[in-house]
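The chain and its fold are shown first.

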Amino acid sequence: MAYPTISAPYGFKPLNLIGGQVFAGSTREYSIQYNFATSIFYGDFVTVTNGTVTRASITNSTSGKQTIGVFLGCSFTNPLTKQKTFSQYYPANTAAGDIEAFVCEDPDTVFKAAMVNSSGSTVIASASQAIVGLNLAGSNLTGSTLTGDSGNGLVAPTATPSTALPFRVLALVPDTAIATSAVGSSSSTTITLTGAGLTTAIPQGADVGYLDANGQLIQTGAFVANSTGYAAGTTSIAIDKAVAVPGSITAIPSSSTIVFTSYPEVLVKINFGIHNYYAA
């Protein structure tokens, strides 16, 4: 059983830098305007407007200069207590003149983020091996004032994603992966399960593989295509494309043990030009 369980998107968390470089927690301070009217949550993207930090929304556009990085908290003098306050998020309409945002600004940062089934959703979906190296759209959602965390994530595709999207998938996160199996076969873009079908529900985007006679997992290059996933007991599963396995195998053989793996988190990098530092 995976631990911890990913129950909702939480924004973009810096993990390391491309090339195996270490993220040392370094941030740059940027001012937030007095009484700025929009809350900014830990893990939200931000940009600079008229010299001060504002919240940015990165969804499916690849236009340049969308962000300077990710917001990682702030400090300000509390207007009521007059005490210096450090906060996980910036509360909208804070009447302080010394608000400083801590921003992870390195354009080479690798971020961890959760998959959701549509933009603005909190429903957790899955990534798959087939989308590593491809691009994804972002999901924009207001964060939580209870946790201070962002509500942003990445949108799980139902087909091979467009090349014109802002986030590049670098790797899956195995720590929180959950696998379930059932017996069946495939034909074209449909998997047919025998017996009672799925033993547990599977989400949109779940990775599809099957076991060889030697017990090794064979990657099919396909993933679950239904936008709402499938409930336990389902016997017919739509996948995004026909199986493609070396040796000209284009279908999962009859009576195979089919493994559906949910990867609720991935590692991504912002594509070139979207970060302000990589655009003129």
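## Strand pairing and the open sheet

Strand E15 (residues 207-211) pairs with strand E18 (residues 256-262) in the antiparallel sense, over four bridges; two strands count as paired if DSSP finds at least two bridges between them, and strands themselves (E, at least two residues) are DSSP runs numbered from the N terminus. Within this pair, Asp207 stands opposite Thr261 in E18. Strands of a sheet pair through backbone hydrogen bonds, either parallel or antiparallel.

Both strands belong to an open sheet of six strands with antiparallel pairing, in the order E16-E15-E18-E13-E14-E17. Its edges are strand E16 (217-223) and strand E17 (236-238), each of which pairs on one side only. Neighbouring strands of this sheet are turned by 40° against each other on average, direction ignored, with axes taken as lines fitted to C-alpha atoms and angles between N-to-C directions running from 0 to 180 degrees.

## Basis of the model

This is a predicted model, in which local features need pLDDT of at least 70 and side-chain atom pairs count only at pLDDT 80 or more, while totals for chains, interfaces and linings use all residues. Residues are numbered from 1 along each chain as its sequence is written, and side-chain values use heavy atoms, with hydrogens and water left out.

## Salt bridges

Side chains of opposite charge can pair when their charged atoms come close. With a salt bridge taken as a side-chain nitrogen of Lys or Arg within 4 Å of a carboxyl oxygen of Asp or Glu, the count comes to four.

One of them joins Glu105 to Arg28, with the closest N and O atoms 2.6 Å apart. Glu105 lies in the loop between strand E7 (100-104) and strand E8 (109-116), and Arg28 in strand E2 (residues 28-31), so the pair ties together parts that are 77 residues apart in sequence. Glu105 is buried, at 13% relative accessible area (buried means under 20%, exposed over 50%, partly exposed in between, with a 1.4 Å probe and protein chains only), whereas Arg28 is partly exposed at 44%.

A further salt bridge links Asp44 and Arg55, whose closest N and O atoms are 3.0 Å apart. Asp44 lies in the loop between E2 and strand E3 (45-49) and Arg55 in strand E4 (residues 52-56), so this pair ties together parts that are 11 residues apart in sequence. Asp44 is buried, with a relative accessible area of 0%. Lys241 and Asp240 also meet through their side chains in a salt bridge, at 2.6 Å from N to O; Lys241 is partly exposed at 29%, and Asp240 is buried at 16%.
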